[in-house]
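Good morning, and thank you for making time for this item.

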Amino acid sequence: MKLYIAQSLDGFIAAEDGSIDFLDAVPNPDQHDYGYHQFLEGIDLILMGRKSYEKILSFYIEWPYPNCQMVILSSQQNLELKSPNTRLISNLDFNALEELREASQKGIWLLGGGEAIKSCLAMKSLEEMHLAIMPITLGRGIPLFPKGRVSSQWQLKSSQAYDTGVVMLSYELHQ
């Protein structure tokens with residue numbers, strides 16, 4: 001499973017209210033995609049938490065992942081699924097992860113949020129992290145790694161600094 005996510009310099013993936021407006025605050029005149037499209041080529045299944053799912057739906061755009069299987073992690077069994085090829089799971093355990101691995105031919109993207117990331121780290125199912133560090137501090141917000149995380153060791157695979165001030169870091173789980 002792979003994580004591709006942006007965070008502020010001080011480690012937040014969103015403001016306290018869930019807003020990710022800070023991502024648009026960084027001027028990007030050359031329209032860098034920070035490796036996003038190449039990353040997507042290796043993905044056919046996306047796992048995300050309910051809040052992340054609802055945030056994407058709130059953008060009022062055409063669903064951005066029509067070619068991927070979607071799995072939404074939520075304890076709300078009556079959650080209305082408004083995207084194609086989407087199903088709901090209420091618990092992320094080793095059996096659910098194995099089913100996801102079997103359903104994916106290319107790769108699984110853990111899109112967010114923090115609690116899903118924490119669960120995957122605890123089960124050592126997260127194998128890669130691609131972090132776009134945005135040149136902004138938020139002061140407070142939703143942390144990339146919520147409290148109570150487990151310890152793990154990562155090996156830097158690549159780093160790239162962009163003229164926008166964004167730094168892309170790619171890590172692999174150190175076994």
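What share of the contacts in the chain with a separation of 6 or more comes from residues 24 or more positions apart? Such residues account for 70% of those contacts, where contact means heavy atoms within 4.5 Å.

Before going further, a word on conventions. This is a predicted model, in which local features need pLDDT of at least 70 and side-chain atom pairs count only at pLDDT 80 or more, while totals for chains, interfaces and linings use all residues. Residues are numbered from 1 along each chain as its sequence is written, and side-chain values use heavy atoms, with hydrogens and water left out.

The chain has four helices and 10 strands; these are DSSP runs numbered from the N terminus, with helices being H or I of at least four residues and strands E of at least two. In sequence order the pattern is β-β-α-β-α-β-β-α-β-α-β-β-β-β. The radius of gyration is 16 Å, close to the 16 Å that the globule rule gives for 175 residues, so the chain is as compact as a globular protein of that length. That radius is taken over C-alpha atoms, and the rule is 2.2 Å times the number of residues to the power 0.38. Along the principal axes, the C-alpha atoms fill a box of roughly 40 × 40 × 30 Å. Of the 175 residues, 44% count as buried, on a scale where buried means under 20% relative accessible area, exposed over 50%, and partly exposed in between, with a 1.4 Å probe and protein chains only.

Let me turn to the pockets. On a 1 Å grid over the protein atoms alone, a pocket is an open set of points where a 1.4 Å probe fits, with protein on both sides within 12 Å along at least five of seven lines; lining residues have an atom within 4 Å of a point. A volume is the space filled by probe spheres set on the points, which are joined across faces, edges and corners.

The largest pocket has a volume of about 1,600 Å³. Of its 44 lining residues, the closest to the centre are Ile 5, Ile 20, Leu 23, Phe 59 and Leu 111. Helix H2 gives the most to this lining, with five residues. By class, the lining has 25 nonpolar, 11 polar and eight charged residues; Ala, Val, Leu, Ile, Met, Phe, Trp, Tyr, Cys and Pro count as nonpolar, Asp, Glu, Lys and Arg as charged, and the others, Gly among them, as polar.

The second largest pocket has a volume of about 230 Å³. Gly 35, Gln 38, Phe 39, His 130 and Ser 170 are the closest to its centre, out of 14 lining residues. Here strand S9 gives the most, with three residues, and the classes are four nonpolar, eight polar and two charged.

Finally, the charged pairs. The whole structure holds five salt bridges, each a side-chain nitrogen of Lys or Arg within 4 Å of a carboxyl oxygen of Asp or Glu. One joins Glu 16 and Arg 140 at 3.8 Å, N to O, linking the loop between S2 and H1 to the loop between S7 and S8, 124 residues apart. Glu 16 is exposed at 54% relative accessible area, and Arg 140 is exposed at 57%. Another joins Arg 101 and Glu 98, both in helix H3 and three residues apart.
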